[in-house]
Amino acid sequence: MKLWSLLGNSQKLDGGSMFGNAPRAMWAQWAPPDEHNRIDLACRALLASPLNGRTVLFETGIGAFFEPKLRQRYGINEDRHVLLESLRAAGFEHEDVDVVVLSHLHFDHAGGLLAPWAEGQPPRLLFPNATYLVGAAHWQRALHPHPRDRASFIPGLPALLQESGRLELVDGPHSRALGEAVRFSFSDGHTPGLMLAEIAGPAGADGQPHGGVVFCADLIPGRSWVHLPITMGYDRNAELLIDEKRAFLEDKLARDVRLFFTHDPQCAMARVARDDKGRYSAVDPVEQLQGRPLAA
C-alpha cells in the first residue's frame, strides 16, 4: 500500500477564528496574517491504494462548488477543482476511487465531493464508483444542524449522498467497506460525531496496531494545534476538545501513529512528541507524500 497527500483548493480564513482564544501576538508567529487578518490554510486529502484492496480517499477538501461571490467571501483562492488535478498527477481519476472517507460534512472537508460550480447547473456528486463513509452521529448533525454551525453545511448534500445508494454510516471502530484495515474513533469537541480514521499498521506485542497514520481532521488541523490549549473559535466545545485531544495524542504517541494534517500549508504528516513538562508537539514533519509506503 502507498500513500499520497493531495492538495485541494486552498483558503484564507480569519486567524483569530482559527486560533480561538490564543492572542494574536502568539498565533501570528505560527501563521503570519495578511492585511485582512487572514491566514493561509490548505485543504489536504490523503489517498491510500491499495487499502483492503481498494483505492481510498480520506476527505475531499473544499472543492470548487461555490459560486464566485461565495468563493470570494470564504477566501478560496482557485476557481478550478484542484483536488481533481492532484489526483490526476498521482495517476488517478475521481472515477478510480472506491471509498471516500469523510470526517464530517462541513464544506471545507466535503465540498470537493461536488463538481465545480457552473451557472444554471444543479449540484452534482463526483466519485461515481465510491462508497461514501460518514459517521452516524455526525450524519444526524448534518441533517439537523444547530444555528451556530448551520452555515458550515452544504444544503442538499445529504440528500445527494443518500440518493446515490452508496452511503455507509459508521457507528463503530470498523466499516463494512474497509474492514479492519481502517480503525475509526469519534470526537465531539469540534462538531458532534467527528470521525477520525486511522490506517492501521501491523499489530504490536500488545495486540494493538502500531506505526499507522491517522487523519486528524479538525480535532488537530495542523502542527500549531497539537499544543493542547490551542483550539479554534469554530469548535463547539473547546474544553471537551482539549480533553479529547489529550487522550488522542497519548494514544498515538504510545503506538507511534503519525498525524496527517488537512489544514497545515507546509506539513502533511508528523510524529507526536512529549517533553519532560508534558507538552505535546509535532516532530519529523513531512511536507508531502508521493506514493510513500505506510511503514516508511
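Author: Arginine 38, in strand E3, is the bridge partner of aspartate 14. Strands and helices here are DSSP runs numbered from the N terminus, with at least two residues (E) for a strand and at least four (H or I) for a helix. Strand E2 (residues 11-14) and E3 run antiparallel and are joined by four bridges, where two strands pair if DSSP finds at least two bridges between them. This is a predicted model, in which local features need pLDDT of at least 70 and side-chain atom pairs count only at pLDDT 80 or more, while totals for chains, interfaces and linings use all residues. Residues are numbered from 1 along each chain as its sequence is written, and side-chain values use heavy atoms, with hydrogens and water left out.

In a regular strand the side chains alternate between the two faces of the sheet. Buried means under 20% relative accessible area, exposed means over 50%, and partly exposed lies in between, with a 1.4 Å probe and protein chains only.

The whole structure has zero disulfides, a disulfide being a pair of cysteine sulfur atoms within 2.5 Å. For cysteine 43, the nearest cysteine sulfur belongs to cysteine 216 and is 15 Å away. Cysteine 267, whose sulfur is 10 Å from that of cysteine 216, its closest, is too far for a bond.

Phenylalanine 19 counts as buried because its relative accessibility is 1%, and tryptophan 225 does so at 5%. Rings of Phe, Tyr and Trp (its six-membered ring) pair if their centres lie within 6.5 Å, and planes under 30 degrees apart count as stacked, over 60 as edge-to-face and the rest as tilted. By this rule there are nine aromatic pairs. In one of them, the rings of phenylalanine 19 and tryptophan 225 have centres 4.5 Å apart and planes at 5°, so the pair is stacked. This pair links distant parts of the chain, 206 residues apart: phenylalanine 19 lies in the loop between helix H1 (15-18) and helix H2 (24-30), and tryptophan 225 in the loop between strand E11 (213-215) and helix H8 (238-254). Ring pairs also bring Trp27 and Trp30 into a cluster with Phe19 and Trp225.
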